[in-house]
Amino acid sequence: MNGIWQKFRQFMPKGLKDFPNYGEGPERYNLLRKNFVMIVCATAIIPLLLMAAINYYQYQSALKEEIVKPLRRLVTSSKHTLELFLSERESTLRLLIRERSFEELSNQARLNFIFQSLKAEFPEFVDLGLIDSSGLQRSYSGPYELKGKNYQDQDWFQEVQLRGVYVSDVFLGYRKFPHFVIAIKRDTVEGDFYVLRATIDTEKFNQLISSITLRPGSDIFLIDREGILQTPSRHHGSVLEKVSFPIPPMSQEAVIGRTKDQHGEHLFGYAYLRGANFILVLIKEPGEVMAGWFTLKIELLLVFVVSVAVILIVSLRTAGLLVDRIREADQKRESMYAEMEHTGKLASLGRLAAGVAHEINNPLAIINEKAGLIKDLVEFSKQYQDREKLTLQVDSILRSVNRCREITHRLLGFAKRMDVKVETIHLNELLQEVLGFLEKEAFHRNITVNFNLAPDLAPIAHDRGQLQQVFLNIINNAFEAVEDGGNITIATGKNETEPGSVEVAISDDGRGIHPDDQKHIFDPFYSRGKEQGTGLGLSISYGIVAKCGGDIRVESKVGKGSTFTVVLPQKCTMA
Amino acid sequence: MAEYRVLLVDDEEEFVSALSERLMLRGIEVDSALNGEEALGRMDEKEFEVVILDVMMPGLSGLEVLRQIKSTHPNTQVILLTGHGATREGIEGMRLGAFDYLIKPVDIEEMLEKMKEAAKTAHMD
């Protein structure tokens, strides 16, 4: 099997062998398209070509048979008619010579009488005469003065002695009409012989032949073995002229073939007549014969060309579509790789940042406490002289520590966003946990937090830490927005527009957000002017939710309060 | 306001020493431990109203220590110190019954405030 494949591969175009190695760059799509079209065309057009060829030859042979058969029949039946004509005349003469005695036939008056009655029956008889074994014309009835003529040395007389019958070629005789001669020999009991000779007008022959109805382009006639026309022809000369084509080989059966001359191709049929030197020839003009075949050829070609065109168009279009799809898929894959690479980079960067932040936090805490201790020591020992100055320095250290703390917190927040772990989350529980974080503040500031949670809320698949961060950010913002003693409501429920997704609405009756600010609240580093906060909280939250295929909407009226609605799909689409 | 005793648990010795000195300057009775086991040992010797507990420690983790404190000394209030701004550990700690949490580096005034509240709660229980 493998060997066959290897063999097969040798005959494949180079482009096909290297099918999987298209390399990079845009040319590979052109190569792919080319190969696809080639394969489709090869698999579709080769069988089509084979079919067309087989059809062509089948039709050709069928058509030939259709043309050849009637011609053969025509030639055969014409041959039989002519042979019958000849043998009828021959039998008549044979009957005469057998029924009448030599004496009766050599009697001129009797012969005249016999000739008259013969002519009454067969008008084509021109004359009748009796010749004895010495070749002397003993009696003669007809238009010539042939009585007493000696045929001793003539070829025909020799032949009739040998074969008993002789049929001559056509010749111009009396009144310049073409004639031919039939001679019959009779042997006597005494061992002698005599010959009855008759001349026959070929007019009857011509009638017989012209009665064979033919189309104008065709021709049928008799020739002798030298190619001399014995009957008139339409296109090949008149009687006793020589035909231009070579004499066909001897065959008593009808033979149909093709010849070529200056007029082009002809169908050529012939047969030798029995008992005479005549050859029946039939010639058909090529146009007439081939017209049907030519139409068929044109039709076949047309069907073939149209099929090939259709195959080409279809394969080109399909190849185009296919290659475009492949190109799109490649592009998508490449951009996905790029994104993955980017994400991977960010993730490792995030881990690095987390590590650094964590490591820095501990020494930072020590600096903080040591500086704090210095400050304490200075403050608690009241007699220290440069107290003011030292306190200023320590405060500066502590502020710097705070700045560092902000930075590490931001880094850690960033790192956590990178480290996504999707798990099943019951949103109601998560919200209560997050609020646990802020309960103390709520207690101190006398803020009322109302829960309006849907009890049958379906669990969702998300990253717990990220969601905690999102809701902590938003609830924290709500805490910041309300006065002491304000109200915050947290409501959960199904999202009506997207099946399977849930939404959390966090409403407050705080100071609200100005419409101009609303546009920017999700922009990074956009802070609502509070001294605290990096301006990243909502931006990060929005990033997290959007990445999962969710959304955060905000409705707010200045002085009345704000509602943040977080829509989350059933499953985070990113992870 | 009643006196209260504080146990400070953190693996950073420098941090513990500085912070405990600062607290003592403010008249608070402070003991310190450098890991979870030591902290639990101290608590068996003495009664503490407030424990300041670092979440990230080698050996026994902060959350584990918190769990044990809550089972053996339910009255003692634990304030967590989280090294990160780690919401996860913070929330988990709150769920386990911590009184509150503080993010390192800590503001001393904020810490005092929280300790005071925690001690109040401890005395109430």
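**Chain B: sheet, helices and the side facing chain A**

Chain B has an open sheet of five strands in the order β2-β1-β3-β4-β5, with parallel pairing; strands pair if DSSP finds at least two bridges between them. Strands here are DSSP runs of E of at least two residues, helices are runs of H or I of at least four, and both are numbered from the N terminus.

This is a predicted model: local features need pLDDT of at least 70, side-chain atom pairs count only at pLDDT 80 or more, and totals for chains, interfaces and linings use all residues. Residues are numbered from 1 along each chain as its sequence is written, while chains are lettered from A and ligands numbered from 1 in the order in which they are written.

β2 (29–33) and β5 (100–103) of chain B are at the edges with a single partner strand each, so one side of each has no neighbour in the sheet. Strand β3 (residues 50–54) of chain B runs parallel to β4 (residues 77–82) of chain B, joined by five bridges. Leu53(B) is opposite Leu80(B) in β4(B).

Next, the other chain. In chain B, 21 residues are in contact with 27 residues of chain A; contact means C-beta atoms, placed from the backbone, within 7 Å. The elements giving two or more residues to that side of chain B are α1 (13–25) and α4 (87–95). α1(B) supplies the largest share, seven residues. By class, the side of chain B that touches chain A has eight nonpolar, five polar and eight charged residues. Nonpolar covers Ala, Val, Leu, Ile, Met, Phe, Trp, Tyr, Cys and Pro; charged covers Asp, Glu, Lys and Arg; the others, Gly among them, count as polar.

Note on methods: Two residues are in contact if their C-beta atoms, placed from the backbone, lie within 7 Å.
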